[in-house]
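Welcome! Have a look at the structure first, then try each task before reading on.

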Amino acid sequence: MTLAFVPPETSPATQAPLSDLVARDAREFGVYARTGGWAFGLMVARSVRPGGQGAGETPKVSAKEFAELAGCSPDRVMRYYKAWDRAADDGLVPHFEALAPGQEVELPDADVWLSYYVSRNSATSERGTAITEAAEAEGIRPTKALEVAENPTALRAAILADPSTARAARQALLDRVREDPDLQAELARDVVRTEELKKAVAGENRAADRIDYVRQIAESGQIKTPAGQTVDAPVDLRQEAERHLSLIDELEDDEDTGEWATEAYGAMKSLVVEAVEADPELRVQERRTKFYSSLQKATKVFEELTFDDVQEFVEDDMVQQLEELQQAIATCISALRGTQPGPARAE
């Protein structure tokens, strides 16, 4: 039988002595966990001489020298330098002149650091400046907005996965598109090329037109008859238009107006027809207008016929249709003349 080797328990007395390197790492980790970037900002603030101070006036070094010693870029050192400078102006930390190399001071909480530190070079560009200003106007930290701007894939993922993010993105695009003609054109092309969007836009346009129809009746007090006449709306019809309009205006922005618009439009159309039929004089005018409209359309169509080269393709059925049309017109003329009152006979 094979026995497994079980190592003896290690007591505190038999543990290896703690490495100074491990202890230093633990202490530095703890400082950073409590203070975040302030710990590194302090290193820069107490070791890099402020602008205007000569090398002989202080043991501090230039940002370039400090960067060479740190093995990083001067730009990175200056970002910490500027963050500390902004915080000093706000009274959170001592100014550079009050600090000496190796000096320790009480540091602000780690979360506050991000309000002052801009970790990206893009923040100093024209684009970064615009993003920073927009972020400040919205009351958020510029670093958050810059991070999103530099990671479009993350933004896309958030929009695809989260409805509230998608709604925020939609509102931002709407705010931007009003002042960006290029973006307007791009979005318009996207709508035209996307079948689902094209149908949705057509539906919204239809709903908007129907709401405008109801609104026009409610606000102007006039209706347009099926034949195209514009007349004063009856009081009860106008009141009904106002009722439907108030219901639509009370809808929330995210509610679908299509169904409400269809109902209101259908109700108004029916009431307009009823109003026309209820007024004998208006009913006669409506029929007269319809007849004239049809007559003018028929005349226009006939006038558009071209007989210059008809001999090249004329067929018997064409001639027959024209003859039938001639007979129909003659019959119509005779009927109309028969309804006209004749001249008064002399007694």
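A residue is called buried when its relative accessible area is under 20%, exposed when it is over 50%, and partly exposed in between. Keep in mind that this is a predicted model.

**Exercise 1. Describe the protein chain as a whole: which elements does the chain have, and what share of its residues is buried?**

Step 1: Start with the elements; the protein chain has 15 helices and 2 strands.
Step 2: Turn to burial: of the 347 residues, 23% are buried.

**Exercise 2. Classify R215 and E219 as buried, partly exposed or exposed, and describe how their side chains meet.**

Step 1: R215 has 25% relative accessibility, so R215 counts as partly exposed.
Step 2: E219 reaches 55%, and therefore counts as exposed.
Step 3: Their side chains meet in a salt bridge, with 3.9 Å from N to O.
Step 4: Because R215 and E219 are 4 residues apart in helix 11, about one helical turn separates them.
Step 5: Widen the view: R215, E219 and D249 are linked in a network of salt bridges.

**Exercise 3. Find where R46 and E104 lie in the chain, and decide whether each is buried or exposed.**

Step 1: Recall that side chains of opposite charge can pair when their charged atoms come close.
Step 2: R46 forms a salt bridge with E104, and their closest N and O atoms are 3.4 Å apart.
Step 3: This pair links distant parts of the chain, 58 residues apart: R46 is in helix 2 (residues 38-47), while E104 is in the loop between helix 4 (74-89) and helix 5 (110-113).
Step 4: With 14% relative accessibility, R46 counts as buried, whereas E104, with 61%, counts as exposed.

**Exercise 4. Which residues form a negative surface patch, and where is D256 placed?**

Step 1: The patch is formed by E204, D256, E259 and E263.
Step 2: D256 sits in the loop between helix 12 (235-249) and helix 13 (258-278).
Step 3: The relative accessibility of D256 is 54%, so D256 counts as exposed.

Methods. Residues are numbered from 1 along each chain as its sequence is written. This is a predicted model: local features need pLDDT of at least 70, side-chain atom pairs count only at pLDDT 80 or more; totals for chains, interfaces and linings use all residues. Side-chain values use heavy atoms; hydrogens and water are left out. Buried means under 20% relative accessible area, exposed over 50%, partly exposed in between (1.4 Å probe, protein chains only). Patches are made of residues with over 30% relative accessible area and no salt bridge: like charges are joined within 9 Å, nonpolar side chains (Val, Leu, Ile, Met, Phe, Trp, Tyr) within 5 Å. Accessible areas come from the Shrake-Rupley method with a 1.4 Å probe; for residues, only the protein chains shown count as cover. A salt bridge is a side-chain nitrogen of Lys or Arg within 4 Å of a carboxyl oxygen of Asp or Glu. Lys and Arg count as positive and Asp and Glu as negative; His and the chain ends are not counted. The place of a charge is taken as NZ of Lys, CZ of Arg, CG of Asp or CD of Glu.
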